[in-house]
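Here are my notes for a colleague opening this entry for the first time. Please look at the structure before reading on.

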Amino acid sequence: MSDFIILMKSELVVTTIIFLLLFVKIGKGMRNEKLLPLIQVLLLINVLFSFVFNKEGSLFDGMFSTTSLIAFQKSILSLAVYLISLLCSVWLKRSEHLPEFFMLMLSALLGMFFMISSGNLLIFYLSLELSTIPVAAMANFDLQKRASSEGAMKMILSSAFSSGILLFGISLIYGTTGTILFSEIPGQLDGSPIQILAFVFLFTAFAFKLSVVPFHLWTADVYEGAPIATTSFLSVVSKGAVAFIFITALYKVFQPLEETWYLMLVILSIATMVIGNLFALRQKNIKRFLAFSSIAQVGFILVGISAGNEIGISSVVFFILVYVFSNLAAFGVADVISAASGKESIDDYKGLYKTNPFLSWIMTLALFSLAGIPPTAGFFGKLFLISAGAAKANYIYIIIVALNMIVSLYYYLIVVRAIFIDKNEQPIDKIAISKTVKLALIICGAGIILLGLLSWIYEHIQSLTV
Amino acid sequence: MMQPGLYHILFISTALFFIGVYGFLTRKNLVTMLMSIELVLNSVNLNFIAFNKYLWPHKMDGLFFTLFIIAIAAAEAAVAIAIIINLYRSHNSINVENAEELKY
Amino acid sequence: MPAIIYILIPFLPLAGFVLLGLFGKKYFKSASGWIGTLLMLVSFILAVYVAYDYFSATSIFPRNVPVKYTWLVFSENISIDMGVLQDPISMMMIVVVTFISLMVHIYSLGYMKGEERYPTYYSFLSLFTFSMLGLVLASNLFQTYIFWELVGVSSFLLIGYYYDKPSAVAAAKKAFIVTRFADLGFLIGILVIANTSDTLDYNTLIATLTSTGSEQASSAAASTFLGASALTWGTALIFIGGAGKSAMFPLHIWLPDAMEGPTPVSALIHAATMVVAGVYLVARLFPIFSINTPAVLDIVGWVGAISAVFAAIIACTQTDIKRILAYSTMSQIGYMMFALGVAGYGGESGLGYTASMFHLFTHAMFKALLFLGAGVVIHYVHSNDMKDMGGLRKKMPVTHITFLIACLAIAGIPPFAGFFSKEEILLAAYNGNTIIYWIALITSGLTAFYMFRLYFSIFWNKPYQADHHSGHKSEGGWIMLFPLLVLALGAAGSGFIPFGKYINTDGIPLESHFHLQFSILPVALGLAGIFMAMWLYKKQNNRPEKLAASLNGFYKAAYHKFYIDEIYLFVTKKIIFNLIGRPAAWFDKNVVDGLVNLAGNTTTAVSESIKKLQSGRIQQYAIYFLFGAIGLAILFIYIWK
Amino acid sequence: MNLLLIILAPLLTALAVLVCRNKEQVKWTALAGSLAQLILAFLLYFAFRHEKESGEPAQMLFQQDYALFKNPNIHFHIGVDGISVAMILLTAFVVIAGVLVSWNIEKMTKEFYFLLILLALGAYGFFISLDLFVLFFFLEISVIPKYLLIGVWGSGKKEYSANKLALMLMGGSALILVGILGLYFSSGGSFNILQLANTNIPGSTQNYIFPLLFAGFGVFTALFPLHTWVPDGHSSAPTAGSMFLAGISMKLGGYGCLRVAAYLLPEGMKEYANIIIVLSAIAILYGAFATMMQKDLKYINAYSSISHVGFSILGIAMLTQTAVTGAVMQMISHGLMTALFFAVIGMIYDRTHTRMVAEMGGLMRMLPFISTVFFIVGLCSLGLPGLSGFVAEMTVFMGSWENTGAFYKIATIAAAMSIVVTAVYILRAIGQTVMGPVKKESFLSLPDAKWNEKLAAIILLAGILAIGVAPGWLNDLLRPETEQFMHKILGVK
């Protein structure tokens with residue numbers, strides 16, 4: 001019993017918070033001004049709590065397992081959720097259904113926790129759904145906006161479609177191996193066509209959640225339609241969680257099919273980077289722009305995953321940590337601007353530096369981190385991914401990857417150029433930034449700069465993967 | 001009379017799967033599309049039951065999986081219907097072709 | 001003798017350059033001339049002292065290197081030692097350079113008085129003198145090259161002294177670029193020599209290459225390129241450098257234009273010192289030229305001879321007095337060149353070498369005198385054109401007399417200096433190469449003719465008409481006339497110096513011969529030229545026009561300097577600019593740049609063309625999803641199995 | 001001497017600039033910081049010489065090594081040899097001059113100086129790092145400053161130029177990255193330059209990796225035909241930006257070509273030497289001829305940079321000790337010279353508001369100081385003895401000619417031909433700007449250089465003269481290192 005409490009403590013904390021919110025909602029309710037700080041404190045506790053009392057072990061016959069790496073991954077996700085709650089506080093305060101929003105978000109987070117801890121295809125499927133369905137509802141949270149409902153509709157329908165395919169794949173796995181336990185599947189895999197088909201179907205579900213080309217098409221539309229809080233959650237937390245479990249699935253469960261998935265990753269990562277970059281080039285809306293940029297980033301993550309060893313794991317985990325800070329900083333700035341002025345177009349950012357130097361610098365740092373330019377952590381993150389991928393000595397692949405960095409730099413520079421260089425008759429007015437938002441942005445900025453330079457962070461991650 | 005074997009059932013379930021997919025791809029009504037997804041899920045259910053019964057009669061994973069799929073499908077449908085209703089409020093239509101504003 | 005004295009000789013002018021260049025304008029605007037002159041005077045005295053000390057010490061003159069400083073180490077063998085090389089010709093040259101420079105410094109005190117950039121002028125003069133002294137004292141071929149370039153740039157600065165005159169700027173550029181082109185040859189020559197002989201030090205260089213047994217000499221002769229030995233190429237390329245600096249045909253085009261500079265500058269640089277650097281360079285390497293690569297020495301002779309007659313012909317048709325003097329300089333340097341070219345190594349056959357240096361010496365005197373005299377005239381009439389002059393002998397008696405002495409000297413009329421040196425040259429040519437001898441003879445007649453054409457046109461011909469805008473009417477005061485008188489003394493008397501005793505190829509003194517019967521022909525030709533000029537130009541008449549008309553085509557060609565300038569212009573403007581420069585720039589703008597832009601534009605275009613992929617229709621998304629899944633499955637089940 | 005100081009000085013300066021309150025403070029802080037860097041660079045030079053003279057046998061002095069990451073095996077490993085010391089000196093000279101000439105920047109002064117010093121930081125770090133990853137880090141760190149300096153403070157088609165520059169340099173970095181990873185994996189997991197130098201990498205592998213690295217660094221140093229960012233980038237950048245770009249950044253490439261590509265991959269170097277010789281000879285001549293057709297002063301200097309930098313590539317590829325020494329000298333010399341050139345062009349532009357050669361004339365009359373400096377630097381560019389360019393070019397020629405074989409000789413002659421073409425375009429530029437009649441009435445009242453501009457010019461001139469008049473010290477600094485290089489590359493012990 002005590003094992004149960006300690007091993008599942010992250011899940012339990014999140015569940016507790018969900019229930020607390022439920023009670024708040026059922027009770028006479030609180031004003032958003034009061035409630036939001038409370039939630040933020042709770043989320044902070046959640047983050048802090050995730051670092052302590054960690055123990056490795058498994059429950060329910062291996063259906064649920066946790067290791068220090070998984071605990072660390074959960075910390076990253078908790079941290080991201082906390083940062084989102086800070087960054088989007090302006091928008092959140094105005095929201096009519098604040099507790100519901102957090103309930104949904106935390107349910108999704110809970111789903112992700114289970115997902116990365118899952119040791120069984122059933123748990124995996126359940127948690128995947130738990131982490132998806134609430135997000136679809138979250139996407140619809142700008143109830144009045146047409147785009148919001150359109151995005152939510154696209155998300156729920158396509159994810160339902162994807163889970164149909166996933167389930168079909170799982171059923172075939174079950175049919176051919178007779179088990180749904182992660183630990184038993186590898187022994188039963190023989191690489192027969194039907195298993196490959198099943199694997200591909202399973203693979204597409206991950207690819208769908210990670211927005212790998214050609215399963216990415218929903219991403220941009222949903223990102224654009226959804227409120228920024230949801231978008232940032234989708235792009236950071238949900239992607240991170242899926243990437244973590246994706247690694248487990250490939251490295252542990254489908255280890256016997258390594259040759260297959262290595263090639264698959266090579267093909268898909270190149271396609272993802274290229275298509276993501278090409279689409280990002282011509283975007284005008286900052287959210288849509290970031291959507292495609294995050295698709296391109298996924299291409300890089302796949303490069304790291306393709307390594308197939310501990311270095312691959314640690315580089316991916318580290319990159320996602322960096323990505324949390326960078327992407328959230330970018331979305332945070334976008335949210336501040338969108339909440340204050342309603343402007344979401346890159347053209348509106350012209351001359352931003354004149355009026356809002358702080359926001360401009362954070363945005364620039366974030367974009368350069370995404371582009372992988374030192375001294376930002378993104379540089380280290382990308383480099384570790386690429387060097388992990390290069391270990392297989394597939395240099396053509398690495399050259400293509402490296403060349404894609406040029407294209408991605410190009411479109412990040414478009415935004416930087418708008419902010420610093422382009423002239424604008426009517427730039428965005430000076431925006432008063434609340435303390436919480438500023439704090440969050442500073443945390444992100446500091447994270448972007450320090451994560452790479454403080455080498456012990458990566459060392460720590462590496463020590464977890466061994 | 002011939003006993004239906006595993007392949008018969010798999011044939012039906014695969015057919016059902018593709019009928020569902022086809023429905024999803026061609027119907028314009030959002031609710032109908034949702035229903036097509038249900039078809040896909042049901043084909044999976046059939047698969048699970050069949051595999052359980054014919055191949056792995058001692059492992060009940062398939063059966064449980066089916067139960068959960070049914071439950072989840074219900075939840076998914078609930079959220080989807082809610083979203084569709086909301087879409088109807090803003091678009092005055094639940095035709096998928098009217099919700100194509102976010103693109104390129 | 002303490003090393004510091006050797007060092008001081010070039011460094012005093014350098015100090016003058018730095019001092020006047022940095023502070024002249026601010027602190028001693030009017031005194032700068034005197035400061036420069038004073039430093040020059042000290043330098044001159046030291047030079048004379050050093051030279052006297054050297055020549056009086058023994059009767060055999062060794063090559064000494066009293067000062068040496070390792071400047072740059074290129075490799076184990078080749079290091080560049082800055083040093084002072086002491087041998088007869090360098091000692092002779094420092095005296096010439098410091099003397100002429102001192103004269104020009106003094107002369108300029110009057111001539112340049114009141115100029116706005118007076119201190120700058122003196123600092124440039126000092127820079128030039130420093131560079132020239134460095135060049136003549138160089139103990140290392142590379143050091144020569146260094147100062148060679150510095151001399152070039154000083155010349156550029158002084159030609160372009162009137163920097164707001166476009167013609168002066170153009171002339172300065174032309175002078176620099178043409179000589180630079182020649183220096184390319186010099187540079188590659190140095191590379192060849194350095195590579196084949198493992199040294200650039202004159203002493204070792206000459207010693208190793210001329211001793212037949214040395215490894216370097218045999219390897220240099222052995223390695224061939226296009227049928228000539230490496231050493232032949234090396235010396236030939238070095239000669240190109242020398243020819244450029246000395247304005248030999250066809251690299252002479254810059255010299256007439258260089259007359260845009262102030263006249264004293266022309267006297268110093270473009271008559272007496274810098275332009276003879278090419279001759280000096282060949283003389284410096286003479287043992288190698290004559291022992292190792294006699295073929296190149298033949299080329300030297302022919303180039304010199306052609307230049308001599310070519311320039312003389314042009315000089316007969318020009319009307320700008322400085323240009324006439326410039327062509328005459330070119331012609332006289334041609335003499336020095338072919339004198340070297342016809343000389344051999346050792347004994348009597350080395351007469352050409354002695355004669356060349358002798359002529360260099362006397363030429364410095366009378367040519368500087370001619371230029372300075374011309375300067376006084378120009379100062380007086382404010383024009384360079386012969387047509388604006390005439391009848392000046394009464395107005396400027398001192399100039400008239402000194403100019404006449406110089407003209408007689410250059411025409412080779414005894415007992416003036418030019419007679420002796422020219423006789424020796426002709427004798428050497430007679431012994432060496434008959435055709436060159438005849439060319440030289442004709443040239444000497446032409447020389448007398450055009451010099452006296454100049455003389456008569458300036459001082460006789462039509463009476464002088466004072467036009468209103470010429471202000472002061474004097475010869476320019478004693479400060480300008482004093483150098484004329486000193487130089488006239490030199491032009492008249494320097495022929496009696498027994499040059500052969502000091503300067504010869506192999507250290508054995510040469511007796512100067514005087515063959516009366518040999519001298520008759522050249523002197524007679526000279527006199528004929530003078531009388532011809534007298535007949536045509538002493539009084540104003542229409543004979544010159546008639547003569548010109550009778551020579552129609554040839555006269556026109558000569559008047560247009562045989563269109564060499566036009567050919568150069570065609571090559572640079574039409575060929576280099578249009579066929580190389582413009583295409584290169586075009587290629588860069590369109591092809592190289594275009595490729596980069598193309599890559600960018602293609603990316604954007606592709607990005608635009610695939611936007612339909614993201615159609616906004618969820619059902620289409622699902623189709624891509626399905627095809628993706630099935631495609632992957634097919635790929636991995638059937639193809640990459 | 002603690003090498004960390006070399007990067008701490010600019011880092012602290014940059015941070016100090018950030019906390020300054022007004023423009024004056026910013027400027028003086030930056031100046032003080034860059035002065036400190038200059039002093040440190042000199043201290044380093046003397047400390048280095050002292051160590052060497054006392055017989056220190058180590059290849060790299062003042063080494064410090066901190067482990068950063070275990071896997072990949074990354075160390076913060078720093079150390080210097082003679083070449084790095086020379087490069088650091090160059091950087092310090094250019095930095096202080098750059099700070100001085102930017103004295104009148106009105107727009108966003110603080111940001112300007114911050115970025116400028118960040119750029120310098122990258123260069124210092126690059127020159128002292130002995131770990132390829134750290135080296136790459138410092139190489140890349142300058143992308144942001146470069147882009148913003150050109151984009152924000154630039155002129156002309158600055159957006160286009162800034163983009164082109166950033167992307168092309170990024171392309172170069174991408175190739176370098178792949179090359180470095182190749183080195184890492186083929187050597188069994190080391191980024192350490194000293195270790196890699198002692199690792200035998202198979203020739204066939206070297207032949208794959210070498211072109212990546214050389215082309216990558218070649219983009220930085222404007223190797224033909226990868227040079228096309230140079231003209232636009234330089235001409236659009238603000239004065240100090242151009243100075244840093246041409247004076248320092250392009251040298252990063254050259255240094256990388258030498259230290260990383262050639263040194264660590266000798267077999268590859270030998271394999272590709274002839275191709276590189278051809279390319280650099282083309283660059284030298286082609287750059288010179290293209291310069292001849294330019295009408296804008298900055299374009300003139302930019303194209304001439306392509307030509308001049310060609311000499312350093314040529315020197316490296318010629319693979320003789322003298323030539324390689326000359327190549328490094330050329331980097332230093334060109335750094336100083338081109339920085340000064342851009343500084344002077346900036347000064348002229350600030351006054352006349354044009355960079356078109358045809359619109360100027362007779363500047364000597366109004367701007368004697370600036371014109372004189374312009375003239376001197378022009379002479380340096382065309383290789384006048386007594387100035388640094390001559391020494392460097394001659395050393396390259398001498399070294400190149402040491403190779404036997406007509407191919408090398410012809411390449412050398414081709415390269416040497418550029419001295420004539422250089423004379424043509426430099427004198428054209430000088431003749432039309434400094435000399436000639438004054439073309440505009442308004443030019444007659446232009447003021448000459450102010451104290452800061454004079455100081456900047458004098459500092460750089462001092463460097464140029466120090467190399468030109470007495471090249472011995474630089475030669476002594478470089479020769480032992482190049483000798484070591486040649487031992488490694490040619491395999492002679």
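Predicted model: local features only at pLDDT ≥ 70, side-chain atom pairs only at ≥ 80, totals over all residues.

1. Fold of chain B. Chain B has three helices and zero strands. Read from the N terminus, its elements run α-α-α.

2. Dimensions. Along the principal axes, the C-alpha atoms of chain B fill a box of roughly 50 × 30 × 25 Å. The radius of gyration of chain B is 17 Å, whereas a compact globule of 104 residues would have one near 13 Å.

3. Packing. Of the 104 residues in chain B, 34% are buried. Now take the contacts in chain B between residues at least 6 apart in sequence. Among these, 49% join residues at least 24 apart.

4. Chains A and B. Their contact takes 31 residues from chain A and 35 residues from chain B. On the chain B side, the elements that give two or more residues are α1 (6-26), α2 (30-54) and α3 (61-91). Which of them gives the most? It is α3(B), with 17 residues. By class, this side of chain B has 25 nonpolar residues, together with six polar and four charged ones.

5. Chains B and C. Here nine residues of chain B are in contact with ten residues of chain C. The chain C side divides into four nonpolar, four polar and two charged residues.

6. A note on wording. The size of an interface is often given as the accessible area lost when the parts come together.

Notes
Residues numbered from 1 in each chain as written. Chains lettered and ligands numbered in written order. Contact = placed C-beta atoms within 7 Å. Nonpolar A, V, L, I, M, F, W, Y, C, P; charged D, E, K, R; others polar. Helix = DSSP H or I, 4+ residues; strand = E, 2+ residues; numbered from the N terminus. Rg over C-alpha atoms; globule rule 2.2 N^0.38 Å. Buried ≥ 20, exposed ≤ 12 C-beta atoms within 10 Å, placed from the backbone.
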